[in-house]
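I opened the model today to look up a few strands and helices. These are my notes, in the order I took them.

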Amino acid sequence: MRARLALLVAAVSVLTLIAFLVPLALLVRTVAEDRATVRATADAQSLVPVVGTADAATIRLTVEQLAAESGRPVSVFLPDGTVLGAQTPRTPAVALAARGQSLTGESAAGREVVIAVQGRADGTGVIRIAVPQHELTAGVTRAWLVLALLGVILVLIGLLVADRLARTLVRPISDLSAVSHRLANAELDARVTPAGPPELREVAGALNHLATRIQVLLVQEREQVADLSHQLRTPLTALRLEAESLRDPDDAARITAAADGLERAVTGLIRQARWRHAPAQPASSDAAAIVADRVAFWSVLAEDTGRAVTLDLTPGPLPVGVAADNLTAAVDALLGNVFAHTPDGTPFAVRLARAAGEAGEVVLTVADEGPGMPAGAIRRGASAAGSTGLGLDIARRAAQAAGGRLELRAGPQGGAQVLLRLGPPTSPDA
């Protein structure tokens, strides 16, 4: 914007100066020509008494003296055809002046002033003074250079003033943009100080009001999520009590462990919903331990549904830059999709290994031999099988939190293959 304003001011200034300086330059040239013509006319007038009354010798002496002083060619044409002074041929202007008419005319070398001298006994004499071109334009070039320099200085001053004014306009806009980016990065305490023209101050006030409103809405949403999550503890407590009453100790222990895990997830959800700021310490977890634990949990259901599980885990620890609760939810989402979207008896494989060529990156691969997943399944809320469509999005956000990504491919056996790439933990100073 500053460049555009400067360009606009420069264009207006140049056009204004052209409209002002071009006529002034022409006037300077005209004044210089008129000044030289007036001086030549005055010199010619000074010869009139001499030419009208003196003899030829006196006239010649006076003409030579005047030519030496003025530096211009001076000629006197007597009625008998004698030419005194500069020997120049008779021009049309001289012929016209011989009839008694004084005039100023243009010549090839510049300008000529001819004056008719009447009163001589032998007829009309003519005085001719030639004004050379360099005398007509004396000082014009210097005056034009001064005018051009003045125009350049005025344009530069206009650009400087325009830049100062544009800066006062652009700075509030830049502040608005910076605060908008901070709000987009979840810095909801960012505010802009109203400045600049009234319109920009109004926009700044509206942006501050929007940020405050977003904070209020997020607080309300967090409280609602926390309240809903807290209400889940009552059925979880009932589920734990029912599990403890089971006769089979293995079933009781397994269901109780699942209820405890669900309660930990609910507790983590409540804590996360009440956060006002991001945690100060970077997140980290052991991918090998978490994947092994979740595969063991889902293996019981796989055995009940007749699914063969192929497990290939690199010995840990395999640290990744995502919290344990988030990674657990992501792994459960990927494994849960296998059970939800493939028929019973469909085998699947889970592989966890370090990525080749990537420092510290870990890749979790979940592949099945089912019908595969539809295109666009990673979009949040997208579902073609009646589910909520949030499972793959949970995994995607966990991968992004660890500096990785989620990839959906066709499996080697024709089913779906999901790759969860997880980056290493970041240091606190990173």
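**Entry 1: E9 and E10.** I began with strand E9, residues 348-354, and found that E9 pairs with E10 in the antiparallel sense. I counted seven bridges between them. One position I noted is Val350, which stands opposite Val366 in E10. This is a predicted model, so I kept an eye on confidence throughout.

**Entry 2: the other partner of E10.** I then followed E10 to strand E12, residues 416-422. E10 and E12 run antiparallel and are joined by six bridges. Within E12, Gln417 is the bridge partner of Ala367.

**Entry 3: cover on E10.** Are the residues of E10 buried or exposed? I checked residues 362-368, and seven of the seven are buried. I sorted them by face. Val362, Leu364, Val366 and Asp368 lie on one side, and they are buried. Val363, Thr365 and Ala367 lie on the other, and they are buried too. Both faces of E10 are therefore covered.

**Entry 4: Gln417.** I went back to Gln417, which sits in strand E12. Why does Gln417 count as buried? Its relative accessibility is 16%, and the cut-off for buried is under 20%. I listed its contacts, setting aside neighbours within four places in sequence. Thr365, Val366 and Ala367 are among them. Gln417 also touches Glu407, Leu408, Arg409, Ala410, Gly411 and Pro412.

**Entry 5: H1 against H2.** Next I looked at helix H1, residues 2-53, and helix H2, residues 56-70. They pack at an angle of about 165 degrees. Their axes are 10 Å apart. That angle makes H1 roughly antiparallel to H2, because angles over 145 degrees count that way. I recorded the crossing of H1 and H2 as right-handed. Which residues of H1 meet H2? They are Asp43, Ser46, Leu47, Val50 and Val51. On the H2 side I wrote down Thr58, Ile59, Thr62, Val63, Leu66 and Ser70.

**Entry 6: the five-stranded sheet.** I traced an open sheet with the order E2-E1-E5-E4-E3. Its pairing is antiparallel. Which strands are at the edges? They are strand E2 (83-85) and strand E3 (103-107), and each pairs on one side only. From one strand to the next the twist averages 25 degrees. Phe77 stands opposite Val83 in E2.

**Entry 7: H1 on the sheet.** H1 packs on this sheet. I found it touching E1, E3, strand E4 (110-120) and strand E5 (123-132). The direction of H1 makes about 25 degrees with that of E4. I picked out Gly52, which lies in helix H1. Leaving aside neighbours within four places in sequence, Gly52 is in contact with Val117, Gly119 and Arg120. I also checked Gly52 against Thr124, 72 residues apart along the chain. Their C-alpha atoms are separated by 8.6 Å.

**Entry 8: confidence.** Confidence is lowest in helix H7, residues 233-244, with a mean of 67. It is highest in strand E1, residues 74-77, at 91. I flagged residues 276-280, where the pLDDT is below 50. That stretch has three contacts in the model beyond near neighbours in sequence. I flagged residues 380-388 as well, also below 50. There I noted 14 contacts beyond near neighbours in sequence.

Notes
Residues are numbered from 1 along each chain as its sequence is written. This is a predicted model: local features need pLDDT of at least 70, side-chain atom pairs count only at pLDDT 80 or more; totals for chains, interfaces and linings use all residues. Side-chain values use heavy atoms; hydrogens and water are left out. Buried means under 20% relative accessible area, exposed over 50%, partly exposed in between (1.4 Å probe, protein chains only). Helices (H or I, at least four residues) and strands (E, at least two) are DSSP runs, numbered from the N terminus. Two strands pair if DSSP finds at least two bridges between them. pLDDT is the predictor's confidence in each residue, from 0 to 100. Contact means heavy atoms within 4.5 Å. Axes are lines fitted to C-alpha atoms, for helices over the stretch in contact, and angles run from 0 to 180 degrees between N-to-C directions. Angles under 35 degrees count as roughly parallel, over 145 as roughly antiparallel, 65 to 115 as roughly perpendicular and the rest as oblique. A crossing is left-handed if the near helix is turned anticlockwise from the far one by less than a right angle, and right-handed if clockwise.
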